[in-house]
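Have the viewer open and follow along.

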Amino acid sequence: MEIRIINPNTSSSMTASIGQAASRVAAAGTRIVTVNPADGPLSIESHFDEAVAAVGVCEEILRGEQAGSDAYVVACFGDPGLHAARELTRAPVLGIAQAAFQMASMLATRFSVVTTLQRTVIIAEHLLHNYGFAHQCSRVRAADIPVLELEDAACCSGRLIDEARRARDEDGIGAIVLGCGGMADFAHEMSAAIGLPVIDGVTAAVKLAEAMVGLGLQTSKHGDYAFPPAKIFTGRFQHFSRPA
Ligand code: 2AL
């Protein structure tokens, strides 16, 4: 099976590290294809960044449909464009936040999220509410690390471990969810340091996608995930036009 992982930001180095993390956990018969949009924000750290990035996510889904991908992963923690992406395909589409919340909720009754910047905390909180996980998340914490700084592992791992340790000691939780697609490489070290399960959304989403494809499960086309109505798009979005 082919799982197409879409990094919604345009950082090709982050796309490569997401691909390496995914490939390490993929089953023998799984082909991981990792892409990012050509146009858009280099990192996603605001509502505005998410809104712009969502168009690139949709374009990459449409490319994946041409290539025959069996499942998709939207590999940014705000799950930008996730519902729109699901409208465009029958294949399962997993967001790394929803996948990580789902897995954490089955490993501990309560978890905390350790994310990047304080201003993205509200984005994760909105997702927790919308997905129905708010009652299982004790707190969303920011390590105050800009997304692109995560590439400097030496600088970040201590700060992430310190924040996760504070979560363990203060939040009454049993697991940590990592709040960024660029954090996968820190999961094992953090788990060893604090003695709790640490769930990275990229690898969680890959394993959930494999399970869904293996079970023959597809995105429902009954109701709001049905293909969007065909219509004319104008200007720079003309390529989305389909005759009604
Ligand atoms: C993210 C992420 O996963 N990728 C990105 O560019 N921004 N999320 C975050 N909370 O900062």
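Predicted model: local features only at pLDDT ≥ 70, side-chain atom pairs only at ≥ 80, totals over all residues.

Residues are numbered from 1 along each chain as its sequence is written, and side-chain values use heavy atoms, with hydrogens and water left out.

Let's begin with strand S1, residues 2–6. Helices (H or I, at least four residues) and strands (E, at least two) are DSSP runs, numbered from the N terminus. S1 is mostly covered, with five of its five residues buried; buried means under 20% relative accessible area, exposed means over 50%, and partly exposed is in between (1.4 Å probe, protein chains only). In a regular strand the side chains alternate between the two faces of the sheet. Here, Glu-2, Arg-4 and Ile-6 point one way from S1, while Ile-3 and Ile-5 point the other way.

Which strands does S1 pair with? Two strands pair if DSSP finds at least two bridges between them. S1 runs parallel to S2 (residues 31–35), joined by five bridges, and Ile-6 stands opposite Val-35 in S2. S1 also runs parallel to S3 (residues 71–74), this time with four bridges, and there Ile-5 has Val-73 as its bridge partner.

How many disulfides does the structure hold? For Cys-137, the nearest cysteine sulfur belongs to Cys-180, 16 Å away. Cys-180 has its closest cysteine sulfur in Cys-76, at 6.7 Å, so that one is too far for a bond. Cys-137 is buried at a relative accessible area of 11%, and Cys-180 is buried at 7%.

**Aromatic rings**

The whole structure has six aromatic pairs. Rings of Phe, Tyr and Trp (its six-membered ring) pair if their centres lie within 6.5 Å; planes under 30 degrees apart count as stacked, over 60 as edge-to-face and the rest as tilted. Two of the pairs look like this:

| Pair | Centre to centre | Angle between planes | Type |
|---|---|---|---|
| Phe-77 and Phe-101 | 5.7 Å | 90° | edge-to-face |
| Phe-237 and Phe-240 | 5.8 Å | 20° | stacked |

Phe-77 sits in the loop between S3 and H3, and Phe-101 sits in helix H4 (residues 96–107), 24 residues apart. Phe-77 is buried at 6% and Phe-101 at 0%. Phe-237 is partly exposed at 29%, whereas Phe-240 counts as buried at 18%. Phe-77 and Phe-101 also belong to one aromatic cluster with Phe-111, Tyr-131 and Phe-133.

Elsewhere, the charged end of Lys-221 sits over the ring of Phe-227, 4.2 Å from its centre. That label requires NZ of Lys or CZ of Arg within 6 Å of the ring centre and within 35 degrees of the ring normal.

**Backbone angles**

Most residues other than glycine have a negative phi. Asp-79 has a positive phi, near 50°, and is found in the loop between S3 and helix H3 (82–87); its relative accessibility is 5%, so Asp-79 counts as buried. Asp-144 has a positive phi too, near 60°, in the loop between strand S6 (137–142) and helix H6 (153–170).

How values were computed:
Disulfide = S-S within 2.5 Å.
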